[in-house]
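This report describes how one protein chain is arranged. Please look at the sequence and the structure before reading on.

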Amino acid sequence: MVKHFTRELVAEQAIIVETPKVAHEVDRSFELPKGLYVATVGLYLGFLAVMAAGLSSPGLIIPMAIFAFFILAGFGLPTIWARMQPPHRSRNISWSRLVSKGVATHTGRVSARDAAVQVLVLPVLIFCWGIAAVTIAAFT
């Protein structure tokens, strides 16, 4: 069953040590070069610029400003998070290191070209979609 241990009995038998200080190293880098993130933000904002220029209307000023704010916040907050305290040693890799070593993905290591394609395919398609939509609107 259950036996009751008094504090005194536990204090006599127990070895009390200091709580160990565990250093927790965090990796807040996103592993890819900053240029790919800048290109992604640029393509998303470029889409908004194409749509604002091609479909200009006073009623779209506020929605376009809100969309631009969300895009900047969506990439700005992770940037702020990556620079938070405590300081960490992890940094984004340089383009030359990406070219020489590639990057590890869930399906294995990929080259710099393949990584850039994976990161930029959606922003490029969205930008091209905006150009196509404005072109179609211009001809109708």
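## The model and helix H2

The structure is a predicted model. Helix H2 covers residues 34-54. H2 has 21 residues, and the distance from its first C-alpha to its last is 30 Å. That is close to the 30 Å expected at 1.5 Å a residue.

Several residues of H2 are buried, including Leu36, Leu43, Tyr44, Gly46, Val50 and Met51. The buried residues of this helix pack against H3, H5 and helix H4 (95-101). An α-helix has 3.6 residues a turn, so residues three or four places apart point the same way.

## Thr40, a buried residue of H2

Thr40 is part of helix H2. Is Thr40 buried or exposed? Its relative accessible area is 6%, and buried means under 20%, so Thr40 counts as buried.

Which residues does Thr40 touch, if those up to four places away in sequence are not counted? They are Phe75, Val119, Leu120 and Pro123.

## Helix H3

Met64, Ile71 and Ala82 are buried in H3. The buried residues of H3 pack against H2.

In soluble globular proteins, nonpolar side chains tend to be buried together. In this model the largest nonpolar core has 11 residues, among them Leu32, Leu36, Leu43, Ile93, Val110 and Leu120. H5 gives the largest share, 4 residues.

Leu32 is one of the residues of this core. Leaving aside neighbours within four places in sequence, Leu32 is in contact with Tyr37, Asn92, Ile93, Leu98, Val103 and Val119. There is also a second, separate core of 9 residues, which includes Val41, Phe47, Leu48 and Val134. Val41, Phe47 and Leu48 are among the buried residues of H2.

## The largest pocket

The volume of the largest pocket is about 490 Å³. It is lined by 19 residues, and those closest to its centre are Lys34, Thr79, Ala82, Arg83 and Asn92. H2 and H3 are the elements that give two or more residues to the lining. H3 gives the most, with 5 residues.

What kinds of residue make up the lining of the largest pocket? It divides into 9 nonpolar, 6 polar and 4 charged residues. Ala82, one of the residues closest to the centre of the pocket, is also one of the buried residues of H3.

Ser57 sits in the loop between H2 and H3. Its relative accessibility is 34%, so it counts as partly exposed. Ser57 and Gly76 are 19 residues apart in sequence, and their C-alpha atoms are 28 Å apart in space.

Gln13 belongs to helix H1, residues 7-13. Its relative accessible area is 61%; exposed means over 50%, so Gln13 is exposed. From Gln13 to Phe67 there are 54 residues in sequence and 65 Å in space, C-alpha to C-alpha.

Notes. Residues numbered from 1 in each chain as written. Predicted model: local features only at pLDDT ≥ 70, side-chain atom pairs only at ≥ 80, totals over all residues. Heavy atoms only, no water. Buried < 20%, exposed > 50% of the residue type's maximum accessible area, 1.4 Å probe, protein only. Contact = heavy atoms within 4.5 Å. 1 Å grid on protein atoms, 1.4 Å probe; cavity = no way out; pocket = protein on both sides within 12 Å on 5 of 7 lines; lining within 4 Å. Points joined across faces, edges and corners; volume = space filled by probe spheres on them. Nonpolar A, V, L, I, M, F, W, Y, C, P; charged D, E, K, R; others polar. Core = buried A, V, L, I, M, F, W, Y, C linked by side-chain atoms within 4.5 Å. Expected span 1.5 Å × (residues − 1).
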